[in-house]
Amino acid sequence: MHLNGEKGIGNILKIMLQVTNIILVILLLSLYYLVKLIGIHFNLFIIMIYPCGLCFMFLVNCFIKMFNSLKTNKPFVNENVLYMKKSMFTCFIISVLVIISLLIASCVYDYYSLQLKVALGFISILFFGVGIALYILSELFKEAILYKEENDLTI
Amino acid sequence: MGIIVNLDVMMAKRKISSQDLAEKIGITQANLSILKNNKGKAIRFKTLTKICELLECTPGDILEYRKEDKK
């Protein structure tokens, strides 16, 4: 089972990401109606889902573009380093947005459970960690590109 | 400057074309062009041996060192 190429697992993962993107768009567009249907008050805490969702959509799009390079068997390109850096910043932004949501849930509204607040804290740390991991990966890819160039120009 | 590849000179002396030489060495014409135009980063000993065999020369006939001008 290989990652690269037309019939690689990368293609399947890309399709899964595209489906995730579509579901995210539908969820964001229908969030107001879903919240009303469940009977939850449409407050500032719920509104925070929109910027988080948009950032997450951007993140998914970056990953889709990276998987496109796997399809063409050229993963070690500067574009992928750029997408990883963009994804890293997006993860940090999501982390900050989730912290803001946590502060809103704790300070502004009393009725949100402790479990939700703990979960938000965990999600924030998780996205921060993913951002750091993407930074390390981008640096590794940069080095790999240098080595590949060296190898390609070795006759 | 650094290492200069003088393959053109030896190829002209032995009257061999790029296509023939590339075929006999076992590399693509594109790679041979990279070598001739000093765009290569390194050359394998295997490749250098084949070039010397085919052109009946020594590495010194093909490779030349020129000091870099530090201005």
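Author: Start with A:E149, which counts as partly exposed at 41% relative accessibility (buried is under 20% relative accessible area, exposed over 50%, partly exposed in between, with a 1.4 Å probe and protein chains only). This is a predicted model, where local features need pLDDT of at least 70, side-chain atom pairs count only at pLDDT 80 or more, and totals for chains, interfaces and linings use all residues. Side-chain values use heavy atoms, without hydrogens and water, residues are numbered from 1 along each chain as its sequence is written, and chains are lettered from A and ligands numbered from 1 in the order in which they are written.

Reader: What does A:E149 form a salt bridge with?

Author: B:K41, at 3.9 Å from N to O; a salt bridge is a side-chain nitrogen of Lys or Arg within 4 Å of a carboxyl oxygen of Asp or Glu. The pair crosses between chains, from the loop between α3 and α4 of chain B to helix α5 of chain A (helices are DSSP runs of H or I, at least four residues, and strands runs of E, at least two, numbered from the N terminus).

Reader: How many salt bridges over all chains?

Author: Six. Among them, A:E139 meets A:K85 at 3.4 Å, and these two sit 54 residues apart, in helices α5 and α4 of chain A.

Reader: Is B:E56 buried or exposed?

Author: Exposed, because its relative accessibility is 63%.
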